[in-house]
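Me: I'd like to go through this protein and check where each label comes from. Could you take me through it?

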Amino acid sequence: MNPSTVDIHPEDTLLEENEERTMIDPNSKEDPKFKELIKVLIDWINDVLVEERIIVKQLEEDLYDGQVLQKLLEKLADRKLNVAEVTQSEIGQKQKLQTVLEAVHDLLRPHGWTIKWNVDSIHGKNLISILHLLVALAMHFRAPIRLPEHVSVQVVVVRKREGLLQTTHVSEELTTTTEMMMGRFERDAFDTLFDHAPDKLSVVKKSLITFVNKHLNKLNLEVTELETQFADGVYLVLLMGLLEDYFVPLHNFYLTPESFDQKVHNVSFAFELMQDGGLKKPKARPEDVVNLDLKSTLRVLYNLFTKYKNVE
């Protein structure tokens, strides 16, 4: 990359020789997907911390001292961290951040996450670092949110060489696909099928179609496409009623859902019925099923198949 001219902040002229500072290119900050990522994460934090009466408005200003991150992690992981409650001094804030981030790393490291943040970058209000951290937490704790996919930003790197400031632009990837990000946390038989045995995958799909139609046919319903026909949650809810032999009251779900949220409601409700029937909470997220993620849909249906395959 050739050095290029950007607006240099006054503090950048105070850089030591070979020291560098990074900032987000102003144009990237206006990218709709970047703005959406920030909004989704802020709304999620505020939902999680609603009982704490904490309201986050700006990520850099509200998270840098470790207080909100501490509360967020404690709530998500359901554990108390051994840190001072309120710390005004910079040293105290950094000590708190150190404790919080060590706890985060203990959770994430076994799953192969690349740690792209540290105490200094978070305390220095580096938005890129804060976003990397929050995306990792949201994925690890299966946050009930839909992160925009393939969000990248242009980052301006300012470096001092021989007394002169040089700037370069690099692209920083904040999110990939939900599938890829979730994939860091679990590999199961379906991953193997998708990656190595597509021929066997079609056999599994046929078996599942036969299984669901055996029951849905009782309501004169038929499935031909697993990818799409379960995405609005209606067939999942009706299938649970058939398998457990009860009528699902129509006011409990949307029979003709139109919005994304209504479909998520239906799939979430079906998941509740599954857990009521003694199944474990599905690995898939309702949002993934609604988003036509075949692997997630197959996981859900396969769980039903293993429990109910002998039900007439």
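Me: How many helices and strands does the protein have?

Reply: There are 15 helices and 3 strands. Helices (H or I, at least four residues) and strands (E, at least two) are DSSP runs, numbered from the N terminus. A heads-up before going on: this is a predicted model, where local features need pLDDT of at least 70 and side-chain atom pairs count only at pLDDT 80 or more, while totals for chains, interfaces and linings use all residues. Residues are numbered from 1 along each chain as its sequence is written, and side-chain values use heavy atoms, leaving out hydrogens and water.

Me: Why is asparagine 213 called buried?

Reply: Buried means under 20% relative accessible area, exposed means over 50%, and partly exposed is in between (1.4 Å probe, protein chains only). Asparagine 213 has a relative accessible area of 7%, so it's buried. You'll find asparagine 213 in helix α10 (residues 198–216). Leaving aside residues up to four places away in sequence, asparagine 213 touches Leu221, Glu222 and Val223, where contact means heavy atoms within 4.5 Å.

Me: And what makes asparagine 310 exposed?

Reply: Asparagine 310 has 65% relative accessibility, so it counts as exposed. It lies in the segment after α15 (294–308). The C-alpha atoms of asparagine 310 and phenylalanine 211 are 9.7 Å apart, though 99 residues separate the two along the chain.

Me: How do you know that the length of α15 agrees with its number of residues?

Reply: The expected span of a helix is 1.5 Å times one less than its number of residues. For the 15 residues of α15 that gives 21 Å, and the end C-alpha atoms are 21 Å apart, so the two agree. The helix α5 (90–108) passes too: its 19 residues should span 27 Å and its end C-alpha atoms are 26 Å apart, which agrees. Covering the buried residues of α5 are elements including α4, α6 and α7.

Me: What makes α12 a mostly covered helix?

Reply: In α12 (residues 234–244), 10 of the 11 residues are buried. Among them are Val234, Tyr235 and Gly241. Just after α12, aspartate 245 takes a positive phi of about 65°.

Me: Which residues have the most contacts inside the largest nonpolar core?

Reply: They are Trp44, Ile45 and Leu59, in a core of 49 residues. A nonpolar core is a set of buried Ala, Val, Leu, Ile, Met, Phe, Trp, Tyr and Cys residues joined through side-chain atoms within 4.5 Å. The largest share of this core, 11 residues, comes from α7. Apart from it lies another core, of 37 residues, including Val204 and Leu298. In soluble globular proteins, nonpolar side chains tend to be buried together.

Me: Why is α2 called oblique to α7?

Reply: Their angle is about 60°, with the axes 11 Å apart. Axes are lines fitted to C-alpha atoms, for helices over the stretch in contact, and angles run from 0 to 180 degrees between N-to-C directions. Under 35 degrees counts as roughly parallel, over 145 as roughly antiparallel, 65 to 115 as roughly perpendicular, and the rest as oblique. That makes α2 oblique to α7. Where they meet, α2 brings residues including Phe34, Trp44 and Ile45, and α7 brings residues including Leu127, Leu134 and Ala138.
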